[in-house]
Amino acid sequence: MTALLKREILLSIRAGGSALTGVLFFLAVVSVFPFAVGPDTKLLSHLAPAILWIGALLASLLGLDRLFAQEREDGSLDMLVMQSHPLALTIFVKALAHWIMTGLPLVLATPLFGVMLNLSPLGIGATMITLLAGTPAISFIGAVGAAVSVKLPRGGMLISVLVLPLVIPVLIFGVAAITGALEDPAPFTAPFLFVCAITLFTSVLGPLAASIMLRHSAD
Amino acid sequence: MKLIIENLSLSRAGQEIVTDISFELSAGEALIVTGENGSGKSTTLRGVAGLLPLSGGSVTLLDETGKQFEGETREYCHYLGHQNGMKPALTVRENLDFWQKFCGEPDLTIEQALEEVDLAHTIDLPFSYLSAGMKRRVSIARLLVSDRPIWIVDEPTAGLDAQSSKMFTNLCQTFCKGGGILIAATHLPLGIKTEKTLEIKALR
């Protein structure tokens, strides 16, 4: 399984650098907001947690459509599915590699983009922690979407439509936790623990659901 | 070791492709599957490899004492399909190294396996740089780096020149002599002594 993780990471570095693509897309989404909202820094810093989360959410969806479709095209999927390792574990590792190469760079880029949105240091810290805890859930839920659309030539759009409604809870609790950290009466711990719970829950359920889907979509 | 296929039926998109295929293979035996295009050769092979749900019949693998092997039959198979299953962005060594570690049961080293297919000089080249025939030979080398008692190969010599086909035939003979079971969809006579043939007729 470490071999699979190593291969996935190597592939995303070699094949045009998906990590960089995600961060650039994140930058594009985040940097258009100040232009749309106008020069009101107070409003901007109030909106910043939501903007950062939406940007991270959209950027995390990048590359999900290639997760299994590419393996199927070059014939690797057959061999991945045939082995004695549990298929869910293989999918878990692939989703984890996807997060390391798209989700994690977004977390690391957050301080820079937070400054652009006039977010306080405390807010930046809270955003980083909630993104760190929440973005893996996007990859795990995304794996299900990728498995469903594995046979479709243009599955990217379908994956977004399938995955976005399912990751809305992560978004709600993620932004709520940041608001909790910044404004006094609102709690931070409770929504943050919800984010962690969703990630743990989907890390088990997502790969299992995707493995059932992949077994049944064999052709 | 004995691979028993009984009354195998497979369908795709609700349409029956092959029905009632039965055969038995013991260690060291080879089965050559023939048939015209579209008759269901690949479907049969994928069914045996556990890549397609069976719509009828069974695939069982027994050991010498007649006991069923643990787990699914597919876990004991190497499958070489129409695609090579290699990543163009990785080098030949990285590709084979991954499959060796992922499949487990290492057999030949990567250098030895490439030597067998006469491609030792390409070990550090990206897979995408190779010609179609060389890519095929690298994926044949994949069969050698991990030890599996059953090889299921679908048109293995597609794109290979006469010399490379001969080389593949030799590899198959060695594999069967070592007690392996080979199922191949090919028009090439493999020259294995205990060779059975199965002709699949298209259902129309």
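This tour moves through a two-chain predicted model, from chain A across the contact between the chains to chain B.

**Before selecting anything**

The model is predicted: local features need pLDDT of at least 70, side-chain atom pairs count only at pLDDT 80 or more, and totals for chains, interfaces and linings use all residues. Residues are numbered from 1 along each chain as its sequence is written, while chains are lettered from A and ligands numbered from 1 in the order in which they are written.

The predictor assigns the complex a pTM of 0.91 and an ipTM of 0.89. Colour chain B by pLDDT (the predictor's confidence in each residue, from 0 to 100): the mean is 88, and 99% of the residues of chain B reach 70 or more.

**Stop 1: chain A**

The C-alpha trace of chain A spans about 55 × 35 × 30 Å along its principal axes.

Of the 219 residues in chain A, 46% are buried. A residue is buried if 20 or more other C-beta atoms lie within 10 Å of its own, exposed if 12 or fewer, and partly exposed in between, with C-beta atoms placed from the backbone. Two residues are in contact if their C-beta atoms, again placed from the backbone, lie within 7 Å. Among contacts in chain A between residues at least 6 apart in sequence, 80% join residues at least 24 apart.

Next, select helix H4 of chain A, residues 66-73, where A:Leu67, A:Phe68, A:Ala69 and A:Glu71 are buried. These buried residues pack against H5, helix H6 (87-116), helix H7 (121-148) and helix H9 (189-216) of chain A. Just after H4(A), inspect A:Gly75, which has a positive phi of about 85 degrees.

**Stop 2: where the chains touch**

Show both chains. Here 18 residues of chain A are in contact with 25 residues of chain B. On the chain A side, helix H1 (2-14) and helix H5 (76-82) each supply at least two residues. H1(A) gives the most, with six residues. By residue class, the side of chain A that touches chain B has nine nonpolar, four polar and five charged residues; Ala, Val, Leu, Ile, Met, Phe, Trp, Tyr, Cys and Pro count as nonpolar, Asp, Glu, Lys and Arg as charged, and the others, Gly among them, as polar.

**Stop 3: chain B as a whole**

Chain B holds five helices and eight strands, in the order β-β-β-α-β-β-α-α-α-β-α-β-β from the N terminus on. Its C-alpha atoms fill a box of roughly 45 × 40 × 30 Å, taken along the principal axes. The radius of gyration of chain B is 17 Å, which agrees with the value near 17 Å for a compact globule of 204 residues. Of these 204 residues, 43% count as buried. Contacts in chain B with a separation of 6 or more are, for 71%, between residues 24 or more positions apart.

**Stop 4: helix H5 of chain B**

Select residues 162-177 of chain B. At 1.5 Å a residue, the 16 residues of H5(B) should span 22 Å, and the end C-alpha atoms are 23 Å apart, which agrees; the expected span is 1.5 Å times one less than the number of residues. Show the side chains of B:Phe168, B:Leu171, B:Cys172, B:Phe175 and B:Cys176, the buried residues of H5(B). Viewed down the helix axis, the buried residues of H5(B) fall within an arc of 130 degrees, so they line one face of the helix; the arc is that of the directions from the helix axis to the C-beta atoms.

The face turned away from the buried side carries the exposed residues B:Ala162, B:Gln163, B:Thr174 and B:Lys177. Covering the buried residues are elements of chain B including strand S3 (30-34), helix H4 (132-145) and strand S7 (181-185). H5(B) is followed by B:Gly179, with a positive phi near 95 degrees.

**Stop 5: two single residues**

Select B:Arg137 in helix H4 of chain B. B:Arg137 counts as buried, with 24 C-beta neighbours inside 10 Å. Not counting residues up to four places away in sequence, B:Arg137 touches B:Val117, B:Leu119 and B:Ser164.

Finally, select B:Pro126, in the loop between H3 and H4 of chain B. B:Pro126 is partly exposed, with 16 other C-beta atoms within 10 Å. Beyond residues up to four places away in sequence, B:Pro126 touches B:Pro88, B:Ala89, B:Leu90 and B:Thr91.

Note on methods. Helix = DSSP H or I, 4+ residues; strand = E, 2+ residues; numbered from the N terminus. Rg over C-alpha atoms; globule rule 2.2 N^0.38 Å.
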